[in-house]
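The sequence and the model are shown first.

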Amino acid sequence: MSKYQHVLIAVDLTEESHQVIEKGQGIAERNGAKISLIHALEPLGFAYGGDIPMDLTSIQDQLDQHARAKIADLAAPLNIPQERQHILVGLPDSEIHRIAKEQGVDLIVVGSHGRHGLSLLLGSTSTGVLHGAKCDVLAVRIQKED
Ligand code: AMP
């Protein structure tokens, strides 16, 4: 079986990110693969449908800086260089697909919550990533931390 060479770990920057990173790191180590991290920031204008008559640029910039600092903290113990820490503005699944293709990723790792009811119908990032992915996708079942 061929080995993975480039593992892309998608993080929502919550506490759960550690669980997803840990799994991705284990696989990367066993395969001798490099790791990239990705976080997508929702465009503020998109979230509010353009209804707010104000310039959201500086708030978006602050969110961007905050995310960069958080992803750098996660990347440091794994020695992931800055060029493999991707912070982008857009929808998580499409940005993850875009970067995976652009960077020659052969495994995407995402977290997955056991969903039911309405949230199952609405779908999740992991489902969105799986659909249309051009490489393997690992959905890491998130364990609730007490
Ligand atoms: P969710 O479906 O939103 O509960 O998220 C499940 C998983 O999708 C997370 O553990 C991450 O791996 C990934 N994910 C969710 N939101 C983002 C985001 N904004 N950027 C990158 N990955 C994300």
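The side chains of Asp64 and Arg68 are joined by a salt bridge, with N and O 2.7 Å apart; the term denotes a side-chain nitrogen of Lys or Arg within 4 Å of a carboxyl oxygen of Asp or Glu. The model is predicted, so local features need pLDDT of at least 70 and side-chain atom pairs count only at pLDDT 80 or more, while totals for chains, interfaces and linings use all residues. Residues are numbered from 1 along each chain as its sequence is written, and side-chain values use heavy atoms, leaving out hydrogens and water.

Asp64 and Arg68 both belong to helix H3 and stand 4 residues apart, about one turn of the helix; helices are DSSP runs (H or I, at least four residues), numbered from the N terminus. Asp64 is buried at 19% relative accessible area, whereas Arg68 is partly exposed at 38%. Buried means under 20%, exposed over 50%, and partly exposed in between (1.4 Å probe, protein chains only).

By this rule there are 3 salt bridges.

| Salt bridge | N to O distance | Helix and separation |
|---|---|---|
| Asp64 and Arg68 | 2.7 Å | H3, 4 residues |
| Glu95 and Arg98 | 2.7 Å | H4, 3 residues |
| Glu102 and Arg98 | 3.2 Å | H4, 4 residues |

Glu95, Arg98 and Glu102 are linked in a network of salt bridges.

Returning to H3, its buried residues are Gln60, Asp64, Ala67, Ile71, Leu74 and Ala75. On the other side of H3, Gln62, Gln65, His66 and Asp73 are exposed.

Notes: Helix = DSSP H or I, 4+ residues; strand = E, 2+ residues; numbered from the N terminus.
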